[in-house]
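I opened this entry to keep track of what I looked up. The notes follow the order in which I checked things.

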Amino acid sequence: MKKVGFIGLGIMGSPMAVNLLKAGVDLLVDDHHADRVEAVVRAGAQAAKRSEIGRTCETVFTMLPDGPQVKEAVLGEGGLLDFLRPGSTVIDMSSINPKVTREIARKLEEQGIEMLDAPVSGGETGAVAGTLSFMVGGRPEVFEKCRSLLLTMGESAVLCGGPGAGGVVKLANQIMVAANIAGCSEAFMLAKMAGVDLEKAFEAVRGGLAGSRVLETKVPAMLAGDFTPGFRMELHSKDLRNALEYAHFCGAPVPLTAQFQEMMTNLCAQGCEKEDHSGMVKYYARLSGTDLAGGRAFEEERWNKKDII
Ligand code: NAD
């Protein structure tokens, strides 16, 4: 069987690699952290240096934090480009700036190496369950060749256009998710300050138009005050920074993205960077002086004092 490489075994990469192994893929893996490599080796993978991955694998996945790490892994000294053979394919599943994707794709193309950008949505839960959604950019024939491999880790893979198109759609996805989390935070903080039972509010709205996967997965954690990641605030902040940069490059106005980016930058500066992005609710907690998991319900106090019209 043809060997496949996988670089980047973090919150997302590890379970995705394990799903490739479960599908019978002969997998060579690498990560900066030896303990993460060991965990996936225990599941059946082989630990390998980039040089070995490049020389022996026809397809190599990367699942790294951002553009600089992907560039380093592919184009850097001792990177994949030094070892991959013509006809092989790099599939970058990280969420990065599409400008960086195109720069990498051009360099690979010069050596006869294909590239797909295939960022994902669905989070850690989707990575574990193998139900991720892939948004893909690249040449249609390369996508067709790689589709079945992608679908061992996800339940949908949509080719959105040429190189970088998957990354553009992922940035759009991240804007929508941030808007939904901010909207839920603002709305539930209003309900809290008005003295409404938040569990009842959740039950009442989840079946209506405001129902969403963000509501289902993030609001219960907000109500419990549990911000274990999941998707770290610093990574979402990175996506919004890339979205702003790329939108300005395209001349696209993104005033809400700028606002969400400011909120997340503020929270990261205050020590929330390693928490789940649902910690966006803390921005409202700081503005209002209460929080969803505890604190005061101001309107109830005023109602009890009968000073409400
Ligand atoms: P993570 O930080 O948990 O994992 C990244 C891994 O890459 C780490 O294990 C790190 O050691 C390794 N790494 C970094 N630089 C490296 C290098 N140069 N060579 C080898 N290994 C290197 O991040 P994650 O949550 O798994 O996210 C990965 C990507 O997927 C990011 O772009 C993120 O925005 C995106 N993403 C994350 C989620 C999520 O819910 N966590 C969801 C969708 C997309």
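I looked up Leu116 and found it in strand S6, residues 114–117. For helices (H or I, at least four residues) and strands (E, at least two), I use DSSP runs numbered from the N terminus. Leu116 has 0% relative accessibility, so I count it as buried. My cut-offs are under 20% relative accessible area for buried, over 50% for exposed and partly exposed in between, with a 1.4 Å probe and protein chains only. I also checked Leu116 against Glu234: they are 118 residues apart in sequence and 25 Å apart in space, C-alpha to C-alpha.

A note on the source: this is a predicted model, where local features need pLDDT of at least 70 and side-chain atom pairs count only at pLDDT 80 or more, while totals for chains, interfaces and linings use all residues. Residues are numbered from 1 along each chain as its sequence is written, and side-chain values use heavy atoms, with hydrogens and water left out.

**Helix H1**

I went to Leu21, which sits in helix H1, residues 13–22. Its relative accessibility is 14%, so Leu21 is buried. From Leu21 to Phe249 I noted 228 residues in sequence and 40 Å in space, C-alpha to C-alpha. Asn19 is in helix H1 too. At 8% relative accessibility, Asn19 counts as buried. Asn19 and Ala43 are 24 residues apart in sequence and 9.8 Å apart in space, C-alpha to C-alpha.

**Helix H5**

Which residues of H5 are buried? I listed Pro98, Val100, Thr101, Ile104, Ala105 and Leu108. They cover an arc of only 150° around the axis, so they lie on the same side of H5. The arc is taken from the directions from the helix axis to the C-beta atoms. On the face turned away from that buried side, I found the exposed residues Arg106 and Glu110. An α-helix has 3.6 residues a turn, so residues three or four places apart point the same way.

**Helix H13**

In helix H13, residues 281–288, I marked Val281, Tyr284, Ala285 and Ser288 as buried. Seen down the axis of H13, these fall within an arc of 105°, so they line one face of the helix. Just after H13, Gly289 takes a positive phi of about 75°.

**A cis bond**

I checked the peptide bond from Pro229 to Gly230: it is cis, with omega near 10°. Gly230 lies in the loop between helix H10 (213–224) and H11.

**The ligand**

Which of the 27 residues around the ligand come nearest? They are Asp31, His33, Arg36, Pro65 and Lys238. A residue is near if one of its heavy atoms lies within 4 Å. Helices H4 (67–75), H6 (123–129) and H11 (233–250) each supply at least two residues of the shell.

A polar side-chain atom of Arg36 lies 2.6 Å from an oxygen atom of the ligand. A backbone N or O atom of His32 lies 3.3 Å from a ligand nitrogen atom. Taken alone, the ligand exposes 830 Å², and the protein buries 94% of that. These areas come from the Shrake-Rupley method with a 1.4 Å probe.

Key: A polar contact is a pair of N or O atoms within 3.5 Å; within protein, one must be able to donate a hydrogen and the other to accept it, and residues adjacent in sequence count only if both atoms are side-chain atoms.
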